[in-house]
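Visitor: I am new to protein structures. Could you walk me through this one, step by step?

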Amino acid sequence: MATAKDFVGRINQIDGVAGCLLVKDDGAVLGQTINDPEVYSTLLQMSSNLSREIMTSIGFSYCRHLSFNRINMQNFCVFPIDNYLLGIVQKADCSVAFMLERVYQLIGKVSTSGETKIS
Amino acid sequence: MIHLIDELKVIPGVIGACIVSSKEGIKVTNLPSIFKSERLNLVGKHLLKLYSAGWMSFDDLTDVSLHFDESVVLARELEKGLLVFAICDPTFNQNLLTMSFNLLHEEFKLGNFSAVPVSAPLNEDVAAPVEATISGTLQDLLEEMKSALGKVLGPMAGFVFDEVLESWVEQGTPDFSRIEELIKQIDQEIVDRDKIDHYRQLISSVLQNFQKG
């Protein structure tokens, strides 16, 4: 079972990740490698709730991630993982597809059958 | 206005687009009619809130993209309270659509928009959510059946399932004793015999587990 700090540390090592944070769905920050985690934590919660509303309204089954795309290309991605939310600030010059693949791989390792293995 | 979003629909993988106003609701849409107007209105309102939340954190925000299992939704605010969004197959070319959004945005700024009637009817009565009339355990089963349909029909599965489910609920009490009727109606939507067999195979264990309790 990975600790939150281990998980955040490993996500942060992925090429293309400038920083990240992991919060519980009640907003409690479990680990971060970026400044102002409280600001990002609020955005994580709001965006996760709204994406769920959109999902229900239109009849989709699962939101893999959402992304706030910026002119400076340092996009902010939100990944719902069971009762947790992972936020990632992307590096401007990264390969997004590669970064997403690695992030999904790591999420897959801690999240199986709806049970997230983070302590 | 419709010609501008029709240009978006030409992009491979784009199912359709919609322009929605926070005050007036849907301005124009070319999404298939299976996307009910009241649902698109709700989606538009939530996207406007999501965009505003993002804008508060990032003053250089351009688009918001939501990557669901079946589809991707890409949204751009054209001006305060007016948003365009496209629903796409997961394999769509995001760079191409973003560039098209840029062009559309420029056209909008130049005033090359004129309001036209919305292609989907707006004044339909909003029905009570289907989920409200179905018991919790049956709801779980239906979710699994819907998910299995996604493996057979792809991105449109969610909409097809919801339509059939709505009609099934209208036809009688939504309980397990009528589940075969629902499956037959889904079969009619799938059409292809091999896919029907595959779908029935996928849901057989789910149905057995439900019966065992």
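Guide: We start with a term. Two strands pair if DSSP finds at least two bridges between them. One more point: this model is predicted.

Visitor: Which residue in β3(B) is the bridge partner of A:Cys63?

Guide: β3 of chain A spans residues 63-70. This strand pairs with β3(B) in the antiparallel sense, over seven bridges. The partner of A:Cys63 in β3(B) is B:Phe68.

Visitor: Why is β3(B) described as largely enclosed by the rest of the structure?

Guide: A residue is buried if 20 or more other C-beta atoms lie within 10 Å of its own. β3(B) has eight residues, 61-68. The strand is largely enclosed because the number of its residues that are buried is seven.

Visitor: Which element gives the most to the side of chain A that touches chain B?

Guide: In the contact between the chains, 26 residues of chain A meet 30 residues of chain B. On the chain A side, α2 (37-58) and β3 each supply at least two residues. With 11 residues, the element that gives the most is α2(A).

Visitor: How many residues on that side of chain A are nonpolar, polar and charged?

Guide: Sort the side of chain A that touches chain B by class.

Visitor: Are α4(B) and α5(B) parallel or oblique to each other?

Guide: Two packed helices are described by the angle between their axes and the distance between the axes. α4(B) is residues 136-153 and α5(B) is residues 157-171; their axes are 8 Å apart, at an angle of about 135°. Angles over 145 degrees would count as roughly antiparallel, and 65 to 115 as roughly perpendicular. The two helices are therefore oblique.

Visitor: What is the handedness of the crossing of α4(B) and α5(B)?

Guide: Look at where the helices touch. B:Leu142 and B:Leu149 are among the contact residues of α4(B), and B:Val160 and B:Phe161 are among those of α5(B). The contact residues divide into seven nonpolar, two polar and one charged. As α4(B) passes α5(B), the crossing is right-handed.

Terms used. Residues are numbered from 1 along each chain as its sequence is written. Chains are lettered from A and ligands numbered from 1 in the order in which they are written. This is a predicted model: local features need pLDDT of at least 70, side-chain atom pairs count only at pLDDT 80 or more; totals for chains, interfaces and linings use all residues. A residue is buried if 20 or more other C-beta atoms lie within 10 Å of its own, exposed if 12 or fewer, and partly exposed in between; C-beta atoms are placed from the backbone. Helices (H or I, at least four residues) and strands (E, at least two) are DSSP runs, numbered from the N terminus. Axes are lines fitted to C-alpha atoms, for helices over the stretch in contact, and angles run from 0 to 180 degrees between N-to-C directions. Angles under 35 degrees count as roughly parallel, over 145 as roughly antiparallel, 65 to 115 as roughly perpendicular and the rest as oblique. A crossing is left-handed if the near helix is turned anticlockwise from the far one by less than a right angle, and right-handed if clockwise. Two residues are in contact if their C-beta atoms, placed from the backbone, lie within 7 Å. Ala, Val, Leu, Ile, Met, Phe, Trp, Tyr, Cys and Pro count as nonpolar, Asp, Glu, Lys and Arg as charged, and the others, Gly among them, as polar.
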